[in-house]
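Student: I have just opened this entry and would like to go through it with you. Could we begin with the aromatic residues and then move to other topics?

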Amino acid sequence: MRIFNWHIAKNLLGTLLLAMGILTFVMMSVHLFRVFAMLANGASPALLAKVLLFLLPDILRYALPFSILIATVLVFSRMSADNEIVALKASGIGIWQITAPALVIALAICAISVWLGASLSPQLRYASEQLRLQAMTDNPLALLEPGTVTRLSSQASIRVGGRDEKNGLLKDIYLHQLDKDGKTLRDITADSCMIDLQPDNGEIQLVLYHFTISERPVTGEAMESYRDADGQNPHFLAGDTLTIPLPYSTYQDKKALSRKLKMMPFKMLMGNLAWTEAQGKPVAKHWYEFHQRLALAFSPLAFLLLGIPFGIRNRRSETTSGLVICLLLALGYYAVMLLCDSLVASHPELHPEFIIWLPNLAYELGGLLALAKIAKH
């Protein structure tokens, strides 16, 4: 019996590690493209390596459930195709004894996932964000990715359409500026831009070429500083060259220390929930974050219980067939997760923190019923 248990555990763990490695690399690839772009713009390689390392636990939270599903379906599908399941049952070994090693592995993975979601992942994700801000302070150019909006200071954001590597220019510039109260002050567009970094002053100077400025109407005491030579309040201006200084280091130094909910460990999340509730503010997002992490942490058990009967019933050793089944099961689970993510912002009264548990319960109940049916035959 020990030899048999070790045989199943060894095959399951080997396939699990292989699947986890592939899925982790695929999920990490999105971050890799961004890191390579930042590296090409002069960011520190050591700093960027730390950013990727600190993102790994968060990626593992999503890779582990899918990995154990793949491993379960493939291993038990092969055993069924080779008639190993039939031979074991003929020898008097029940289906629950056959699946016992897999259940132990799944419970161990659930415990690891709870630890990742409750403590390690949010802590390191926050540390990764701090390192990204450090890269911004050391070299703001490293974060100017074409097609994305980058916050340069507390009062300015920029969007870059592309790069002219030959001339060292940024193309298709859109700059959005706010006043001290956080209201839109002006929108600036330019055909191209050159950035002059001045680390000693903690500033970057944007030199815009062929620009247009769309000025918001200025009223009150601030009007006098915006009047033109004729005493008018201009709303639109175009020209050939414009230089704008931006104090990016001041923005980084004064950046709020508060974390996003996804970056809070459970203890901090519950403390923030109590404080928010005491202020009379809604706490639906806090409860959803708490339940979402737990539901995802216990999903490996649900995937395993459903994956075992699918693998046994499949009776085919072909990898393609097993992978298609895994993909369909995982898509159903993550589709509900995406739905709940949208509900928590738009319809919190529907209690998405409870809906997020439905796939776990459905998969576990369906898997147990299917295993009970297999045990009778």
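**Aromatic rings, a helix and cysteines**

Tutor: Phenylalanine 266 counts as buried, because its relative accessibility is 17% and the cut-off for buried is under 20%. Please keep in mind that this is a predicted model.

Student: How many aromatic pairs are there by this rule?

Tutor: The count comes to 6 aromatic pairs. In one of them, phenylalanine 266 pairs with phenylalanine 290, with 5.0 Å from centre to centre and 45° between the planes, and this pair is tilted.

Student: Which helices hold phenylalanine 266 and phenylalanine 290?

Tutor: Phenylalanine 266 lies in helix 6 (residues 266-278) and phenylalanine 290 in helix 7 (residues 284-314). The two are 24 residues apart, and the pair links distant parts of the chain.

Student: And what about the rings of tyrosine 333 and tyrosine 334: why is that pair edge-to-face?

Tutor: Their planes stand at 90°, with the ring centres 5.7 Å apart, so the pair is edge-to-face; planes over 60 degrees apart count as such. Tyrosine 333 and tyrosine 334 are both buried.

Student: Which residues form one aromatic cluster with Tyr333 and Tyr334?

Tutor: Phe303 and Tyr363 form the cluster with them. Phe303 is also in contact with alanine 330.

Student: Where does alanine 330 lie?

Tutor: Alanine 330 belongs to helix 8 (residues 319-346), and it counts as buried at 2% relative accessibility. Leaving aside neighbours within four places in sequence, its contacts are Phe66, Leu69 and Phe303. Alanine 330 and phenylalanine 66 are 264 residues apart in sequence, yet 6.5 Å apart in space, C-alpha to C-alpha.

Student: Let us turn to helix 10. What is its reach from first C-alpha to last?

Tutor: Helix 10 (residues 358-376) has 19 residues and reaches 27 Å, close to the 27 Å expected at 1.5 Å a residue.

Student: Which residues of helix 10 are buried?

Tutor: They are Pro359, Asn360, Tyr363, Glu364, Gly367, Leu371 and Ile374. These residues are on the same side of helix 10, because they cover an arc of only 120° around the axis. On the other side, Leu361, Leu365, Leu369 and Lys376 are exposed.

Student: A last topic: how many disulfides does a search of the whole structure find?

Tutor: The search finds 0 disulfides.

Student: Are cysteine 110 and cysteine 340 buried or exposed?

Tutor: Cysteine 110 counts as buried at 3% relative accessibility. Cysteine 340 is buried too, with a relative accessible area of 0%.

Note on methods. Residues numbered from 1 in each chain as written. Predicted model: local features only at pLDDT ≥ 70, side-chain atom pairs only at ≥ 80, totals over all residues. Heavy atoms only, no water. Helix = DSSP H or I, 4+ residues; strand = E, 2+ residues; numbered from the N terminus. Expected span 1.5 Å × (residues − 1). Buried < 20%, exposed > 50% of the residue type's maximum accessible area, 1.4 Å probe, protein only. Arc of directions from axis to C-beta. Disulfide = S-S within 2.5 Å. Contact = heavy atoms within 4.5 Å. Phe/Tyr/Trp six-rings, centres within 6.5 Å; stacked < 30°, edge-to-face > 60°.
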